[in-house]
Every structure is written in structure tokens, then in C-alpha cells.
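Please read them with the structure open.

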Amino acid sequence: MALSARAFSVIPHASYYASCWQCEGCCWSLQSIAPKQQLSNRPKALRSLNRARKCKIFDELEISRNFFVKATLATGMLYCASALAETSTEHASQNDMLQELEMLPYKREGYNYWMWRGHKVHYVVKGEGRPVVLIHGFGASTFHWRYNIPELAKHFKVYAMDLLGFGLSEKALIDYNPFVWRDQVADFVQEIVAKPAVLVGNSIGGFTVLLTAAAFPQLTSGLVLLNASGQFEVPDEQKKPVIQETALQRLVITPLITWARRWAILFTFWQAKQPSRIRSVLNNVYVDRTNVDDNLVQSIVTPAQEPNAAEVYYRMMTQFLSRPSDITLNKLLAELSCPLMLLWGDLDPWMGATKAEKIKQLYDKTLLVRLQAGHCPHDEAPKEANQALVDWISSLV
């Protein structure tokens with residue numbers, strides 16, 4: 001934030017004031033050097049003239065001092081005003097951008113429901129044309145696509161679904177693993193969409209749609225990953241050796257560890273569902289925090305208050321912590337056949353730009369679009385994300 005030349009123009013003739021301060025210093029130096037006897041021997045008229053000159057100089061210097069102080073204060077005030085004006089303009093431009101975008105209203109009762117394997121699944125559908133299916137990340141919901149659904153629906157038929165255990169979908173007491181959500185997405189495309197669709201996913205939703213596209217190519221016409229989760233293959237020498245469990249571990253140690261883990265995870269969930277904690281986590285992964293608002297926080301808090309939410313969270317975390325999957329991004333990309341776009345927030349503290357580069361190296365049919373955003377680029381920079389999605393999806397044959 002630079003100070004403009006106009007701000008400095010309130011101090012005219014800066015060299016003049018500098019020379020005045022220098023003259024004052026010289027006068028005091030000369031006076032301290034001159035012997036008192038010489039001063040007393042000077043003619044009275046000369047001493048009177050010198051006193052008059054000194055008074056005039058001091059008067060001028062006093063005026064200079066006062067003017068310099070006032071000018072400096074004025075400069076500071078103009079600087080502050082300039083900074084405030086720039087900040088106000090920045091916030092105004094962000095608010096103007098959001099006002100231009102239509103937002104999907106959050107409804108506690110939801111929009112549409114589909115029964116899948118005996119469980120209630122929530123989804124949104126808007127628009128007409130080529131089908132596009134949006135899948136959210138961990139802890140989020142269809143509402144996380146609030147600024148994308150209305151805009152994309154102007155060009156395509158857009159579906160957004162809550163994965164089982166999240167959002168307004170049922171908090172089913174099942175064993176959660178990546179294949180549950182893969183099958184949910186595949187069946188949704190088959191039964192509800194009823195034709196091949198472009199699958200779009202953020203975070204764990206990105207891993208889910210990648211898993212779906214690799215397993216069911218006949219259901220996928222295109223794939224978009226936004227800061228997708230998932231691990232690359234680890235060299236054999238870096239893999240941890242499998243240690244055979246002893247009877248003592250199986251009968252005593254493992255049950256104790258399981259019991260301790262359960263209470264630790266449940267306590268973590270109690271902390272994680274607090275609005276202040278949710279906002280803090282979002283602030284860590286959004287570079288521009290304009291969209292970290294009460295609506296977004298409430299859409300995450302509400303599902304976490306449901307009776308089975310804590311147990312579902314425990315089952316998910318147990319799966320991720322104690323039963324890591326051997327399904328790697330390398331294997332899935334090797335099985336992929338459809339066009340791929342990476343819409344990547346390069347400033348993501350969890351999954352940065354290098355991950356996108358590596359995915360692109362592993363799969364030739366990839367378009368990489370970078371956004372200066374964090375882990376959720378579709379919500380942090382919705383205007384840019386929407387434009388990139390419309391352009392790329394429209395280009396598919």
C-alpha cells in the first residue's frame with residue numbers, strides 16, 4: 001500500500017525546511033565556540049544588530065517548526081485516510097462480487113431425498129442440459145456449493161448430493177469406507193441422473209469421484225478434482241513391515257487402545273462441532289475469509305447436532321486411522337479413461353500445488369487450472385471457479 005505523491009505535496013519546499021534546521025544547528029555551534037570576551041568587546045550597535053538577526057532567525061525557525069509539525073500530521077492523516085479508502089474499496093469489491101452471484105438458500109428440511117440401500121440421501125437438482133454431479137468434502141454438504149449451483153445451472157443440469165453420514169443425509173450406523181461413497185455416487189448417477197455425468201469433487205469428495213470414475217467409466221463423461229484427498233504410492237523400502245499380533249496384544253493391549261481411541265475421538269468430535277472451532281478450521285484453509293460466514297458455519301454445525309453424528313464420526317475416523325486403504329492415486333489414475341480437470345487452490349495448507357503437478361504428470365489427459373485460493377477454491381473464489389467449470393465442461397464432446 002503505497003503513499004501517493006499527492007500526500008507528499010502538503011509539504012512544499014522540503015529543501016528549505018532542511019536548510020533552516022541546519023542553520024539553527026550552525027548558529028548554536030558558532031555561539032558555543034566564540035569566546036565571551038570577544039562578544040563583550042564588540043561594538044554595542046553590532047551586538048544589537050546580531051541580537052536582532054538572531055531573533056529574526058529564531059522566529060522564522062519557530063514558524064518553520066510549527067509548520068513542519070502540522071505538515072507531518074497532515075501527511076499522516078492523509079496516509080491513514082488512503083489506507084482506509086483502499087481497505088474499504090477492497091471489501092466493497094468482494095461484497096459486490098458476492099452480490100453478483102446467486103446463493104443457494106440453506107433449508108433445514110432439505111430439497112430432495114432418495115432412498116439408497118434403505119438410507120435417506122439428500123440432494124439438490126437445478127437447471128437443464130448436460131448433467132454435472134457435485135460431491136462435497138469431509139464435514140461439508142451440498143450447501144458448500146452454494147455459489148456454484150445457481151451459476152452452473154444456467155448452463156447444465158446440476159446435481160449436488162450429501163454423502164451418507166454428512167449434511168442432511170442419514171447418519172447411518174454402518175462401517176464407512178471409500179467404497180460405500182463410491183457405490184453411492186455410482187448408483188445416484190444410474191438411478192437419479194440416468195445418463196453419464198461430469199463428476200466434480202472437493203477434498204474427500206474428489207477422491208470419491210476419482211474412485212467412481214475409475215471403477216465405472218460408463219457413468220463418467222468427465223472428471224473435475226478440486227484439491228482432492230488421497231495418497232500417492234510409497235516405495236517398498238518406505239513401507240512399514242506388517243507385525244504379527246501376539247496373544248497379549250490381541251486380548252489385552254488392542255482392546256485398551258480401542259477403548260482409549262474411542263473416547264479420544266468422541267471428545268475430539270465434541271470440540272470439533274463447536275461453532276467457534278469450525279470457524280477457526282475454515283479460517284485456516286481459506287486464504288480470503290470473506291465467505292467464512294455464519295451461513296457456512298451453521299450448515300456444518302446443524303448436521304453435527306443429530307443423535308447419531310458422534311457415532312458416525314467415530315466410525316469414520318476409526319476407518320481412516322486404523323485401517324488405511326491401499327488404494328493410491330497412482331492406481332486410480334492408471335485406470336482412468338475420461339478427460340480430467342484439476343481446479344486447484346494453490347495456497348491450500350493441506351494439499352498444495354505440488355500435488356496437482358504430480359497428478360498431472362501421472363495422467364496425460366489433464367487440464368490444470370490454478371486459483372489463488374485455499375482448500376475450498378469453489379467457495380472461496382466462486383466466480384473464477386464457475387467460469388473455469390463452465391468453459392471446460394462446455395468444451396467436452
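1. The crossing of helices H9 and H10 is right-handed; by convention, a crossing is left-handed if the near helix is turned anticlockwise from the far one by less than a right angle, and right-handed if clockwise. H9 covers residues 275–285 and H10 residues 294–304; the two pack at an angle of about 120°, with axes 10 Å apart. Axes here are lines fitted to C-alpha atoms, for helices over the stretch in contact, and angles run from 0 to 180 degrees between N-to-C directions. Helices (H or I, at least four residues) and strands (E, at least two) are DSSP runs, numbered from the N terminus.

2. On the H9 side, Pro275, Ile278, Arg279 and Leu282 meet Asp294, Leu296, Val297, Ile300 and Val301 of H10, where contact means heavy atoms within 4.5 Å. The residues of this contact divide into seven nonpolar, no polar and two charged. In that grouping Ala, Val, Leu, Ile, Met, Phe, Trp, Tyr, Cys and Pro count as nonpolar, Asp, Glu, Lys and Arg as charged, and the others, Gly among them, as polar.

3. This is a predicted model: local features need pLDDT of at least 70, side-chain atom pairs count only at pLDDT 80 or more, and totals for chains, interfaces and linings use all residues. Residues are numbered from 1 along each chain as its sequence is written, and side-chain values use heavy atoms, with hydrogens and water left out.

4. Lysine 171 sits in the loop between strand E4 (157–161) and helix H6 (178–193). Is lysine 171 buried or exposed? Lysine 171 counts as buried because its relative accessibility is 5%; buried means under 20% relative accessible area, exposed over 50%, partly exposed in between (1.4 Å probe, protein chains only).

5. The side chain of lysine 171 has several polar partners. It reaches the backbone oxygen of glycine 167 at 2.7 Å, and the backbone oxygen of serine 169 also lies 2.7 Å from a polar atom of that side chain. A polar contact of 3.3 Å joins the side chains of lysine 171 and glutamate 306. A polar contact is a pair of N or O atoms within 3.5 Å; within protein, one must be able to donate a hydrogen and the other to accept it, and residues adjacent in sequence count only if both atoms are side-chain atoms.

6. Leaving aside residues up to four places away in sequence, lysine 171 touches residues including Phe166, Tyr176, Pro303 and Val312. H6 has an N-terminal cap: a side-chain oxygen of asparagine 177 lies 2.8 Å from the backbone nitrogen of phenylalanine 179. Just after H6, alanine 194 takes a positive phi of about 70°. Of the 16 residues in H6, 12 are buried, among them Trp181, Arg182 and Asp183.

7. Helix H7 (residues 204–215) is largely enclosed by the rest of the structure, because 11 of its 12 residues are buried. Those buried residues include Gly205, Gly206 and Phe207.
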